[in-house]
Amino acid sequence: MKSYEHDGVDLEDGKTRDKPTLRKIPNQALLSGLAYCVSSCSMILVNKFVLSSYNFNAGIFLMLYQNFVSVIIVMALSLMGLITTEPLTLRLIKVWFPVNVIFVGMLITSMFSLKYINVAMVTVLKNVTNVITAVGEMYLFNKHHDNKVWLALFLMIISAVSGGITDLSFNAVGYAWQIANCFLTASYSLTLRKTMDTAKQVTQSGNLNEFSMVLLNNTLSLPLGLILSFAFNEIDYLYNTPLLRLPSFWIVMTLSGLLGLAISFTSMWFLHQTGATTYSLVGSLNKIPLSIAGIVLFHVPTSLQNSASILFGLVAGVVFARAKMREKS
């Protein structure tokens, strides 16, 4: 639930982005950008609402249900011939499974951290992922960044530390889950490109589009999520909680699953209408209204120092996006 680009692959709320293949619709850049921003913000806010306002203590099951909704819709669209997906062969599953384990861990830790930490601080702390990714690129791929990128990353660290110190609703458990999420998200980013290149070699078409990756990631996450749900003893909780007997709760959960899939579609649409540079910058700017909405909607207690730290972190994210653009150009 993070916005940064890694060799043409962008990650946002634990989802995979790749270059789209849809036919370009003229004069749709503004509409596609708005749709992407709304779906991205809404997904995190709805998840926060389910986990905190409903006090739902089964984050793994929530992830499982969202991914199940995505699988059903993508398969239905594929059967109707509206989209094309690669067959999930055993060879493809073997190649993709290791990165899928990281993907599942990334989504689950994101759910757990979001339950205990307010949306604005989650957004700022996710910037640490960029730091870990940059260090990983340097040591694993011998990729060097210019001084402006490192300055932006340093500002992100300062904002995360100062934000944690001044956080009036600080929760050590939530921060531990978020740190784990940062490492898993960075690992997913660092391993995804190589896995994608290998996976393309074992597909029938020699390609792996966005819809195929959504179907592949979400389908493989179902049995793994079910096992983890048993391991974390969520089954007993689900059996006893009255929330699952509320139709309104199922509507909100289904909405979260639809929004998760909407992020994949709208990001692909927006990328096709604009480009990776605009997409990355808008993703960083999108965190600003998201943070404000999170504070206002969930009545988060804050202080001037904490608000300043959050704003500082959001600005650092924009500076980082601009520095990466200059580096690429």
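Guide: Gladly, and one term comes first: a crossing is left-handed if the near helix is turned anticlockwise from the far one by less than a right angle, and right-handed if clockwise. This is a predicted model, where local features need pLDDT of at least 70 and side-chain atom pairs count only at pLDDT 80 or more, while totals for chains, interfaces and linings use all residues. Residues are numbered from 1 along each chain as its sequence is written, and side-chain values use heavy atoms, leaving out hydrogens and water.

Visitor: Is the crossing of α6 and α13 left-handed or right-handed?

Guide: Helices here are DSSP runs (H or I, at least four residues; strands are E, at least two), numbered from the N terminus. The axes of α6 (residues 147-166) and α13 come within 8 Å and cross at roughly 160°; axes are lines fitted to C-alpha atoms, for helices over the stretch in contact, with angles from 0 to 180 degrees between N-to-C directions. Angles over 145 degrees count as roughly antiparallel (under 35 roughly parallel, 65 to 115 roughly perpendicular, the rest oblique), and α6 and α13 are therefore roughly antiparallel to each other. Their crossing is left-handed.

Visitor: And which hand does the crossing of α8 and α10 have?

Guide: The axes of α8 and α10 come within 11 Å and cross at roughly 160°, which makes α8 roughly antiparallel to α10. In their contact (heavy atoms within 4.5 Å), Glu210, Phe211 and Val214 of α8 meet Leu261, Ser264, Phe265 and Met268 of α10. The crossing is right-handed.

Visitor: Is His299 buried or exposed?

Guide: His299 sits in the loop between α12 (287-297) and α13. Its phi is near 50°, a positive value in a residue other than glycine. With a relative accessible area of 68%, His299 is exposed.

Terms used:
Buried means under 20% relative accessible area, exposed over 50%, partly exposed in between (1.4 Å probe, protein chains only).
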